[in-house]
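Work through these exercises with the model open.

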Amino acid sequence: MNPETKEVYYLRMDSHRMTHESFSHQAPDGTLRAWDVTEGNAIVRDGRETEMFSLVEQEVTREKIDSLYGNLDWEYAKTTLLSRPLLCAPFQGELLLIDGWHRLSRACLEGIPELPMYLLTEEEAEHIQWLCLPPQLAK
């Protein structure tokens, strides 16, 4: 914790997380966050229904994907299974895609307007977030 600003920084390192898939995101303010994708996918196997993720409503284009996920392997994306739901979390009033960037990319390439997704609750997303570094530490 920074005593001057009372901001909380954290890094949760459980031994099992070291072998889990992770997704990191740097917010416009420079804060770096990371979520445990493996844990998120385990949570949504609780029997909940999928929702539909609209590529049209989210204004998904190849250019937008490239700007958000710069080193995406577009050739691999063409081989992914579109029936596997995306994993999203609420984040600052929007949806944050935590797992499924290649599937989203394939749907974009093929003009598919919607994909199934699981949406974590805010509490679930907070539970699987294991990193939060402010801009001055995220460099």
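A residue counts as buried when its relative accessible area is under 20%, and as exposed when that area is over 50%. By this cut-off Trp35 is buried, and so is Phe91. Keep in mind that the model is predicted.

**Exercise 1. The overall layout**

Give the order of helices and strands from the N terminus on.

Solution. 
- Start with the inventory: the protein has five helices and eight strands.
- Then read along the chain. The order is β-β-β-α-β-α-α-β-β-α-β-α-β.
- Next, take burial. Of the 139 residues, 42% are buried.
- Finally, take contacts between residues at least 6 apart in sequence. Among these, 73% join residues at least 24 apart.

**Exercise 2. The aromatic pairs**

Solution. 
- The structure holds four aromatic pairs.
- Phe23 belongs to strand S2 and Trp101 to helix H4, so the pair ties together parts 78 residues apart in sequence.
- Check burial. Phe23 has 10% relative accessibility and counts as buried. Trp101 is buried as well, with a relative accessible area of 10%.
- Turn to Trp35 and Phe91.
- Ring pairs link Phe23, Trp35, Tyr69, Phe91 and Trp101 into a cluster.

**Exercise 3. The largest pocket**

Find which residues are closest to the centre of the largest pocket, and which elements supply at least two residues of its lining.

Solution. 
- The largest pocket has a volume of about 610 Å³.
- It is lined by 24 residues, and those closest to the centre are His25, Leu68, Leu95, Leu96 and Trp101.
- At least two lining residues come from each of strand S2 (22–26), helix H2 (62–68), strand S5 (86–91), strand S6 (94–99) and helix H4 (101–110).
- Sort the lining by class: 15 residues are nonpolar, five polar and four charged.

**Exercise 4. Around Ser105**

Solution. 
- Locate Ser105: it is in helix H4.
- Its relative accessible area is 0%, so Ser105 is buried.
- Trp74 has a charge over its ring: the charged end of Arg62 sits 4.0 Å from the ring centre.
- Glu75 is 30 residues from Ser105 in sequence, with 9.9 Å between their C-alpha atoms.

**Exercise 5. Positive phi**

Determine where Glu59 and Gln92 lie, and whether they are buried or exposed.

Solution. 
- Recall the background: most residues other than glycine have a negative phi.
- Glu59 has a positive phi of about 55° without being a glycine. Glu59 lies in the loop between strand S4 (51–54) and H2. With a relative accessible area of 59%, Glu59 is exposed.
- Gln92, also not a glycine, has a positive phi of about 50°. Gln92 lies in the loop between S5 and S6. Its relative accessible area is 56%, so Gln92 is exposed.

Note on methods:
Residues are numbered from 1 along each chain as its sequence is written. This is a predicted model: local features need pLDDT of at least 70, side-chain atom pairs count only at pLDDT 80 or more; totals for chains, interfaces and linings use all residues. Side-chain values use heavy atoms; hydrogens and water are left out. On a 1 Å grid over the protein atoms alone, a cavity is a set of points where a 1.4 Å probe fits but cannot get out, and a pocket is an open set with protein on both sides within 12 Å along at least five of seven lines; lining residues have an atom within 4 Å of a point. Grid points are joined across faces, edges and corners, and a volume is the space filled by probe spheres set on the points. Helices (H or I, at least four residues) and strands (E, at least two) are DSSP runs, numbered from the N terminus. Ala, Val, Leu, Ile, Met, Phe, Trp, Tyr, Cys and Pro count as nonpolar, Asp, Glu, Lys and Arg as charged, and the others, Gly among them, as polar. Rings of Phe, Tyr and Trp (its six-membered ring) pair if their centres lie within 6.5 Å; planes under 30 degrees apart count as stacked, over 60 as edge-to-face and the rest as tilted. Buried means under 20% relative accessible area, exposed over 50%, partly exposed in between (1.4 Å probe, protein chains only). A charge sits over a ring if NZ of Lys or CZ of Arg is within 6 Å of the ring centre and within 35 degrees of the ring normal. Contact means heavy atoms within 4.5 Å.
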